[in-house]
Amino acid sequence: MKSLPMRIAKWSLLALAVVAVLGLAIAPFSRSLIEQWSRSDVVARSRLVYNSIQYPVVRAIADGQLNRLDSIFEGVALDERILAVGLCNDAGELVKPTRLMPKTFSCEKVARSESESFSSIINDGRRILVGAFPIVERNHRDYLIVLHDLSFIDARSGEVQAFVVAALVAITVVIAGIAAIFVVLMLRGWMRSLRFAVEEARSGGQTSAAPRAKTLVDNQIQKLLHDIEIDRMPISTGQVDWSPKALQELLHNLLPGAEVLILSNREPYIHNRESTGIAVQTPASGLVSALEPVIRACGGTWIAHGSGNADRETVDADDRIAVPPDEPAYTLRRVWITDEEQDGYYYGLANEGLWPLCHIAFVRPQFREADWQAYEAINERFAEAVAQEARTEDPIVLVQDYHFALAPRLIRQRLPKATIITFWHIPWPNAETFGICPWKEKIIDGLLGSTILGFHTQFHCNNFFETVDRFVESRIDREHATVTVGGHETMVRPYPISIEWPPKALAGQPSVEACHVEVRRSLGLPADVKLAVGIERFDYTKGVLDRMRAVDTLLTREPQWKEKFVFLQVAAPTRSKLATYQSLQSEAVALADEINARHGSATWRPVELIIRHHESAEVFKLFRAADICIVSSLHDGMNLVAKEFVSSRDDEAGVLVLSSFTGASRELSEALIVNPYDAEDMASAVGIALRMPDQEQRERMRLMRQQVRESNVYRWAGRMLIDAARSRQRRHILDIAEQNQRQDFEGA
Ligand code: F6P
C-alpha cells in the first residue's frame, strides 16, 4: 500500500536523482564551453595587442631600431594574462623576447602563414597559446609573437564547475526541504485521517469526526477498510463436507494455535454416587449434545457448574478432570455453586425469569432482586474461572446461553483480546416483551461484550436488534449485522445449531427391526402396534400436554386406532424444584391417566408416560423403534430432538410431526408441520403419519437426513469460527494501523 506522503517522498527522491544526473552530464559540457569562451577571448586579446602595437613595431623594424621593441613589448607583457611577447624574424630567430618568454620556445614551432595563426604549446605543465601575427616590411616577413598563459582557463572552468555543483546542491537542498515540509504536513493530515478512520471503524461511524474522516482518508485506507468490510460478509460454507476433521483443519488453518474455552452452566459429564459406586451421566441437554462433539474435535477446556454429588471427588486439586471418561480429549473444569446461590442464579433469575421471558409459553416471568444479585455474582465467578483457565491472552471463548448474559462483558474486562462467541440457545423475544425485564440494559450490555452473538434464526437476530435499538444507545448496522456500543462492535448472526453426523449414539445400535421388536417387548406391547414417541426434558415449553390432547382427539375421531397405536412420552425430570415444573409433571400424569381411562382397556393403554432420564443410546433405540416422533414445542430456539430422530433413522422410515414454533421447522420442511395449540390439527397430522405409505416416508426422511447431514453441528461451529477468524484479522489490522499511527505521531 502506498500513501500520498509516500508518493510525494518517492517523487522528490526521483527529482533529486534527475538533478544529480543532470549535474554529472553538465559538468564536462560546461568545461568545454568555458574552454571555448576563454580561448576566443584570448585570441581576441592577442589581436587587440597586435592591432595596438602593430604600427610602432612596423616602424621600429622599418627604422632598423629594434631596441625600441623592448619597451613596447615589456609594456604589453605587463598584462597579467600575457605571458610573453617577442618577434620571430625572417630567419626564424627569436628577437627581443620579454622576460618570461619560456626558454624552450623556438620560432620553429610557429606556423609561418600569411595570416595570423594560433597554436598551443605546453611549458612546465602549463598550456600556452601562441599567437603569430605576420608583419611584412619590405621583403621581410617577421612575426609578432604573443604568448598567453591558458592556465587561467583551468582555474576558471574549475570555478564554474564548483559553482554548478554548488548550485545543484542548493537546488537539491531546497527541493528536499520543500518536499520534507510537504511530506510532514501531509503526514500530519494523513495521520489525523487515519485516526478518524480507525475510530470510525471501531465505533462503526459514531464519531463526530466521521464525516470529516470520509473526506480526508487516503484512498488506500478507504480501500483497506473496504476490503475488510467485504470480508465481513458471510461466505458460503455449503460446499464443505463438515466433519470433526474439517473443523480441526479449519481451526488449524484459520486460527492456528488458538485456545478454545467453553463456558456453560450444564456440564457434559456428571458424576453421581449411586448404590453401586460412582456413575457418570450425560445430561438431557441440547446444548451439551451439540457442543460435546465440537470440543472433542477441537480440544480445549470446558468450564461448567459441577452439579453431580460425586463431582468434587472426581476432580484434581485444580477442579479439573479429563473427559470423556473412556477416551479423554479435553478438560472439564468444574465451578462450584452453593445451593443458595443456585436458587437465585439458576432456578430464580435464569429459569423463573429469563426462560419464561424468552419463550412464548404464557408462564409469567418472576424477577427478584436477590436472584439478580446471585446471577451477577455467579457470572463474575465463571468469568474469573475463564481468566484463570486461559493460557493465552486471546483465547476463543464460547459462552453458552441465558445463564451467562453478563459473562461476555466480564470476560472482556479480564481478557480484552479474547474472541468471545456467545450463543443464545433459546429464542429472543420482541422488544416489547423483553422490555419487562428490570435489568434489560445490563443484560444487553453484558451480551454486547461479545465479539459474535449467535441466535438460531434470523428472526431472533431481528428481535435482538429491535431490543437493542429500543433500550440501548448504540449504532446498529443491519447491512453488516453489527451493533456498536462504546466503540466495541459485536456481530449478530444466525447460526442454526445442529447435531453431530453421524451421531455417536448410533454406533452399536441394533438394526431398526431389532429395536422395533425389543422396545415393544420391553414395554409389553404387541409386536405390530404403531408407536409414536415424544422424548425430552419435562419442560412446559415442549408442549407435552398438547400432544397428549392431540392423541386424545385422534382416538376420539378415529377409534379404529384403539389397541393398534400407543403414544410413549419419555420425559427427563428437570428444574423440579420449581412450582411450574412440578405442576406440569402432575398435570401430565393426570392427563395420561385421564386419556388412558377414556380410551384404554385392560390390555391396552394409549399413553405411556415414563418420567426418568434416558442415556442417548436408549433414546436412539426408542427413535429407531418408533413409527412417529412428535415434537410439539410451544416455542423452541431450535429443538435437537427432531434432528436426532432424523439422524437415528438410517432405514429412511418414520414420520416426524414437528411444531412450527421450533427453529428446526425452518430446516426440516418435509416433516408434518403442526400448530401445537391446535389439537385438531395435531391429531390430523398424527393420523396422516400413521397412514403414510412407506415410499412417502422414505422420500421425506431422505431429504431431512440430507439436510441434517450437511448442516450438522460441525458446520454450526465452523461458521462461527470462520467469522471469529475474520474478526481477529480485522482486529489485527486495526491494531497495526493504531500502532503505526502512534509511532508516526511520536516521530513527527
Ligand atoms: O434450550 C436451552 C437449554 O440450555 C438447552 O440447550 C438445554 O437442553 C436446556 O436448556 C438445559 O436445561 P438445564 O441445563 O436447565 O437442564
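1. In this predicted model, helix H7 (286-298) and helix H9 (339-358) each contribute at least two residues to the shell around the ligand. Seen by domain, that shell takes at least three residues from each of domain 2 (255-336 + 382-494) and domain 3 (507-711).

2. The residues that surround the ligand are Arg 266, Ser 285, Gly 286, Leu 287, Tyr 346, Trp 355, Asp 401, Ile 426, Arg 537, Thr 574 and Arg 575.

3. Several distances to oxygen atoms of the ligand deserve a look in the viewer. A polar side-chain atom of Asp 401 is placed 2.4 Å from an oxygen atom of the ligand, while a polar backbone atom of Gly 286 is 2.7 Å from a ligand oxygen. For Arg 266, an N or O atom of the side chain lies 2.9 Å from an oxygen atom of the ligand. The ligand would expose 390 Å² if taken alone, and the protein buries 91% of that area.

4. The second largest pocket has a volume of about 550 Å³. It is lined by 21 residues, of which Ser 727, Arg 728, Arg 730, Arg 731 and His 732 are the closest to the pocket centre.

5. As to where this lining comes from, helix H3 (151-203), strand E17 (488-494) and helix H23 (713-747) each provide at least two residues of the lining of the second largest pocket, and the largest share, seven residues, belongs to H23. The lining of this pocket divides into ten charged, six polar and five nonpolar residues.

Notes
Residues numbered from 1 in each chain as written. Predicted model: local features only at pLDDT ≥ 70, side-chain atom pairs only at ≥ 80, totals over all residues. Heavy atoms only, no water. Near = heavy atom within 4 Å. Polar contact = N/O pair within 3.5 Å; in protein donor to acceptor, adjacent residues only side chain to side chain. Areas by Shrake-Rupley, 256 points an atom, 1.4 Å probe, with all protein chains shown as cover. Helix = DSSP H or I, 4+ residues; strand = E, 2+ residues; numbered from the N terminus. Domains from an automatic or database assignment. 1 Å grid on protein atoms, 1.4 Å probe; cavity = no way out; pocket = protein on both sides within 12 Å on 5 of 7 lines; lining within 4 Å. Points joined across faces, edges and corners; volume = space filled by probe spheres on them. Nonpolar A, V, L, I, M, F, W, Y, C, P; charged D, E, K, R; others polar.
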